[in-house]
Amino acid sequence: MTTRQRKTVPDTIRTNGASPNPWWANAVVYQIYPRSFQDSNGDGFGDLKGITSRLEYLAELGIDAIWLSPVYRSPQDDNGYDISDYRDIDPMFGTLADMDALLGKAHALGIKIVMDLVVNHTSDEHAWFQASRDRQSPYADWYWWRPAREGCEPGTPGAEPNRWGGTFGGSAWQYDPVRGEYYLHTFSKKQPDLNWENPDVRHAVYDMMNWWLDRGVDGFRMDVITLISKRIDAKGHLPGEFGGDIEDEPVGEEGYSSPWPFSMDGPRLDEFLQEMRREVFAGREGYLTVGEGQGISPKRNEAITDPANNELDMLFLFDHMGVDQRGAKWNMVPLHLPDLKHAMAEQQDAVRSKGWASLYLNNHDQPRSLSRWGDTSSPELRVKSAKALGLLLHMHKGTPYIYQGEEIGMTNAGFTRLDQYQDLESINAYHQRVDEAHVQDAASMLESLAKVSRDNSRTPMQWDDSQFAGFTDPGAKTKPWLAVNANKSQINVDAECANPDSVLSFYRKLIALRHSDSVIAAGVFQLVDGDDECIYAFTRSIAERRVLVVVNVSSKSASLPVETSLLLVNGIDAEKVLIANEDSDALAAQVAKGKLSPWSAFAYQI
Ligand code: GLC
Ligand code: CA
């Protein structure tokens, strides 16, 4: 087992007065989607033992922490984001002993483990929900139960309390014949929302969190945590319930309205997060809390992540991920670069003096950024644009997150038929939009899925060029649960490791730079030439030290815009290049001509 020097956090990093500086202030986090990372027993599903066997790879990459997507016991309706027992591991992934072994080895290698925490909802198979179906049970009020619409026969079409639609299709209300009422599910009908107004619910969650921290985990990534406080009226009703003007509720193209406006950043969110901080984290050190931040503006991010407010360390914001979507996520449009820059800049500016940012372009819910915004039309452009997007993200201020496979330049799945998909969101959306609401025809919906389905990022990790890419044995009992990408022969860890110019080698440098350079970790961000449509440029600075980051986010040669040119008026001095995806002579020649080649990217000390 290789051990490595723990990085130190430079004094110059100041995360809004947090004292002492937390370890995550110059850390890089790596997200593992356990189903798709490494299968150890040939059943076609990744598992904990598989992850443990690959930890040396992650230690060499240099990451500081792993965010582990859910491994709890689960019926797997939403691949583990539907939990039926928070204190056990799903047999598909292994046992609690396997989890302890993973924690032990990760810690020995200097890697922290951050668990996913899914507490906006449970599985409908969770014991709490089963008990809640009985109105006399102490759990009766643990979920959002509501009667049928006035004057309607419960359980008949159209009798739902209101017109809210579930995120994964159909109504957001499901009738339960045992209780004779409907329960709210913001996601699938197997994911009933917990009633956070009930203090018993909150304390059961805090107990469970404490149990995991005592077991050795290093923090939590909190799933849709900004939806936990619902907007209810004085009588305890959710808006729009019980008839009234329900007929006037605006509905979207699929025939439903969204429950999200009634739960995003709700009235008691700060209070709940502060209570959680007190009940779970007080007296503990060295943990990380990162919330999934639907509906959180950059301004609100500043407040929630200000240590003075005792809520969360950081949040994943969404504005920058929506810039190429119009209305429904399935309506993708080409990226207009200034929109991305301005969305990022707004997030960066909001954490200038208080609060903290997380940085991501990929995760298990997003298509691969390389296919989305890079250029995969040739091997050269694929590699160069993968490095350019990596450099772009990692040079911002905040804590960068790498999603498994991003560091080797993995691409979208390339599926062309519905039966290749497994994701419930994708499959349900196809049926709803094509067969029921007729808002897209089959061919166009398949194109949408190929661009934006969550399965694009969920194909098995590509370790080598063998039949199943080293994710599972060629002699395995079953094939991988989701098809391996056909490009595994060109794109895989083995090939990347052997090549000093690979995307992987470049990511190692990006990570090392964040550890060693306090300007990269904490320097003030300033957007440059914000309206240029090809060049993404900004500076980072602390006191006298200033770094200029320049990326040509396009497949054409682009002129350096005015402000960027001025900052480079003395040309390129090789010694001042912190990192680049071209050699310094080539860069110097380009800058001398006032142009940048397709996907050229560099960070430069000015
Ligand atoms: C979050 C997760 C996503 C899941 C949803 C419901 O957005 O990242 O994968 O489907 O919450 O839990
Ligand atoms: Ca397995």
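Guide: A molecule sits in a pocket if more than half of its atoms lie within 2 Å of the pocket's grid points, a pocket being an open set of points on a 1 Å grid over the protein atoms alone, with protein on both sides within 12 Å along at least five of seven lines. This is a predicted model, in which local features need pLDDT of at least 70, side-chain atom pairs need 80 or more, and totals for chains, interfaces and linings use all residues, while side-chain values use heavy atoms without hydrogens or water. Residues are numbered from 1 along each chain as written, chains are lettered from A and ligands numbered from 1 in written order.

Visitor: Where does ligand 1 sit?
Guide: By that criterion, ligand 1 sits in the largest pocket.

Visitor: What makes the pair between R221 and ligand 1 a polar contact?
Guide: A polar side-chain atom of R221 lies 3.1 Å from a ligand oxygen, and a polar contact is a pair of N or O atoms within 3.5 Å, so the pair qualifies. In the side chains of E292 and R454, an N or O atom is 2.9 Å from an oxygen of ligand 1. Taken alone, ligand 1 exposes 300 Å² (Shrake-Rupley, 1.4 Å probe), and the protein buries 97% of that.

Terms used:
Polar contact = N/O pair within 3.5 Å; in protein donor to acceptor, adjacent residues only side chain to side chain. 1 Å grid on protein atoms, 1.4 Å probe; cavity = no way out; pocket = protein on both sides within 12 Å on 5 of 7 lines; lining within 4 Å.
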